[in-house]
Amino acid sequence: MKPSIAIIFCFLFLGVDSQRWFQFMKEAGQGTRDMWRAYSDMRKANWKNSDKYFHARGNYDAAQRGPGGAWAAKVISDAREGIQRLTGRGAADSRADQFANEWGRSGKDPNHFRPAGLPSKY
């Protein structure tokens with residue numbers, strides 16, 4: 001999304017006032033980085049049954065940035081699950097991923113989904 005379109009979107013649809021739009025966009029950028037970091041960590045860890053943990057952790061970290069981070073996490077999560085559904089991934093797994101996404105965004109502890117033995121650096 002181009003920055004100008006994102007700004008207009010924030011004004012019109014999200015109700016972000018002119019005083020907060022810069023902060024919102026900053027939080028959204030930081031939240032996007034948090035989501036990318038969780039995804040990268042998931043790929044590096046390559047740990048069985050860790051998918052839900054990294055979903056929850058990325059959403060949690062992004063949402064902690066503020067409304068912009070929570071918005072970015074929701075957009076990224078919904079887009080990712082939508083694409084995976086179109087490519088034939090199971091609906092049940094997608095619902096479980098979305099549950100973990102919402103868990104993290106709501107501020108609940110992502111360690112609820114942490115698999116046994118996952119190295120502490122994650």
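**A tour from the largest pocket to the core**

Select Met35, Trp36, Tyr39, Ile76 and Arg80: of the 15 residues lining the largest pocket, these lie nearest its centre. A pocket here is an open set of points on a 1 Å grid over the protein atoms alone where a 1.4 Å probe fits, with protein on both sides within 12 Å along at least five of seven lines; lining residues have an atom within 4 Å of a point. This is a predicted model, in which local features need pLDDT of at least 70 and side-chain atom pairs 80 or more, while totals for chains, interfaces and linings use all residues. Residues are numbered from 1 along each chain, and side-chain values use heavy atoms, without hydrogens or water.

Next, colour α2 (21-45), α3 (51-63) and α4 (67-86), each of which supplies at least two lining residues. Helices are DSSP runs of H or I, at least four residues, numbered from the N terminus. The most, six residues, come from α2.

Now select Met42 and show what it touches beyond four places in sequence: Asp51, Phe54 and Arg80, where contact means heavy atoms within 4.5 Å.

Finally, zoom out to the protein chain: five helices and zero strands, with 39% of its 122 residues buried.

Technical notes
Buried < 20%, exposed > 50% of the residue type's maximum accessible area, 1.4 Å probe, protein only.
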